[in-house]
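Colleague: Hi! Could you walk me through this one? I'd like to begin with the salt bridges.

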Amino acid sequence: MAEKQHLLIDKKGPVCTVTINNAEKHNALSPACLNSITQLFHYLAKDEAIRVVVLRGAGKEAFSAGADITAMPTRDSGDPDKLGDISTASAAIRDYPYPVIAMLYGYTLGAGCVVAMACDIRIASDRVKMGIPTSRMGLIPTAEGFKRFLTVLGYSTALEIFLTGRPYDSSACLTMGMVNHLVRDDELERYTYGLAEEITRCAPLSLKGAKHILTRIAENPNPSPEALSKFNALCDQARTSDDHEEAKLAFKERRKPVFKGK
């Protein structure tokens, strides 16, 4: 029997759907699956035909209910450096140059919630449940994990999530800022791919530049001179690009622009 794939990849034009393929365990994340996420996003970063990635779980019961407990190493087993790492997988998603949309059905807990928060936009079903139960498992997230929640949600909200370990229902997730949009369960796919399609109509250099600059400023509100220089270079590249000229021409001709990322 062929080994089951941890991830399923479906490319349709400029949109790539990545599915966590472990529905029988509510898409629990094993170290091997986390390693696959890291490698896949590094690979996709080289594919300029893709403009948006939609990350989801198999089925409609869960995005991911958390780490696969049965696959977790014990404190006395193996070399941890050789195991899939949630911080490394999250970093690969955040560093991917184009937007990543998390489409969230049902349970989005623990490691699954961390992966979802690493994405740029989160769109959730009205049946979503999100939370980080590390305090109930005798664990402490990494500094990188804390930082992402702090950056996206703010201190008080992030602290409550980690101190209580509770799962939050859909309305609380929207109020707390864990999701960008909350839609009916049967409308989630249509809404998500509608937003993805809208993004793909924008200029590639603008997409990459906006994500890079906003992510770096969110992580460090006082960027270094080197970082500011890089930001300015990205702005200049877009301003002098063929795509900017195409946008102006398309406006005059009352048609949709055709962007090429140049």
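Modeller: Happy to. A salt bridge here is a side-chain nitrogen of Lys or Arg within 4 Å of a carboxyl oxygen of Asp or Glu. Keep in mind that this is a predicted model.

Colleague: Good. How many salt bridges does the count come to by this rule?

Modeller: The count comes to 17 salt bridges.

Colleague: Which residue does Asp185 form a salt bridge with?

Modeller: Arg127, with the closest N and O atoms 3.2 Å apart. That pair links distant parts of the chain, 58 residues apart. Asp185 sits in the loop between strand 9 (181-183) and helix 7 (188-200), while Arg127 is in the loop between strand 7 (121-125) and strand 8 (129-131).

Colleague: Is Asp185 buried or exposed?

Modeller: Asp185 counts as buried, because its relative accessibility is 18% and the cut-off for buried is under 20%.

Colleague: Okay, and what about Lys248 and Glu245, how far apart are they in helix 10?

Modeller: They are three residues apart in helix 10 (residues 242-253), so about one helical turn separates them. In general, an α-helix has 3.6 residues a turn, so residues three or four places apart point the same way. The side chains of Lys248 and Glu245 meet in a salt bridge, 3.0 Å from N to O. Lys248 is partly exposed at 38% relative accessible area, and Glu245 is partly exposed too, at 43%.

Colleague: Switching topic: which residues form a nonpolar patch on the surface?

Modeller: Leu150, Tyr155, Leu159 and Leu163 form one, with about 430 Å² of accessible area together. The largest share, three residues, comes from helix 5 (residues 155-164).

Colleague: Where is Leu163, and is it buried or exposed?

Modeller: Leu163 is in helix 5. Because its relative accessibility is 61%, Leu163 counts as exposed.

Colleague: At what angle do helix 4 and helix 5 pack?

Modeller: Helix 4 (residues 143-153) and helix 5 pack at about 135°, with their axes 7 Å apart. That angle makes helix 4 oblique to helix 5. The crossing in which helix 4 passes helix 5 is right-handed.

Colleague: Now helix 3. How many of its residues are buried?

Modeller: Eight of the eight residues in helix 3 (residues 111-118) are buried, so helix 3 is largely enclosed by the rest of the structure. The buried residues include Cys113, Val114, Val115 and Met117.

Colleague: Last one, about Leu182. Where is it found?

Modeller: Leu182 is found in strand 9. With a relative accessible area of 27%, Leu182 is partly exposed. Its C-alpha atom is separated by 5.9 Å from that of Ser125, although Leu182 and Ser125 are 57 residues apart along the chain.

Colleague: Great, thanks for the tour!

Note on methods: Residues are numbered from 1 along each chain as its sequence is written. This is a predicted model: local features need pLDDT of at least 70, side-chain atom pairs count only at pLDDT 80 or more; totals for chains, interfaces and linings use all residues. Side-chain values use heavy atoms; hydrogens and water are left out. Patches are made of residues with over 30% relative accessible area and no salt bridge: like charges are joined within 9 Å, nonpolar side chains (Val, Leu, Ile, Met, Phe, Trp, Tyr) within 5 Å. Accessible areas come from the Shrake-Rupley method with a 1.4 Å probe; for residues, only the protein chains shown count as cover. Helices (H or I, at least four residues) and strands (E, at least two) are DSSP runs, numbered from the N terminus. Buried means under 20% relative accessible area, exposed over 50%, partly exposed in between (1.4 Å probe, protein chains only). Axes are lines fitted to C-alpha atoms, for helices over the stretch in contact, and angles run from 0 to 180 degrees between N-to-C directions. Angles under 35 degrees count as roughly parallel, over 145 as roughly antiparallel, 65 to 115 as roughly perpendicular and the rest as oblique. A crossing is left-handed if the near helix is turned anticlockwise from the far one by less than a right angle, and right-handed if clockwise.
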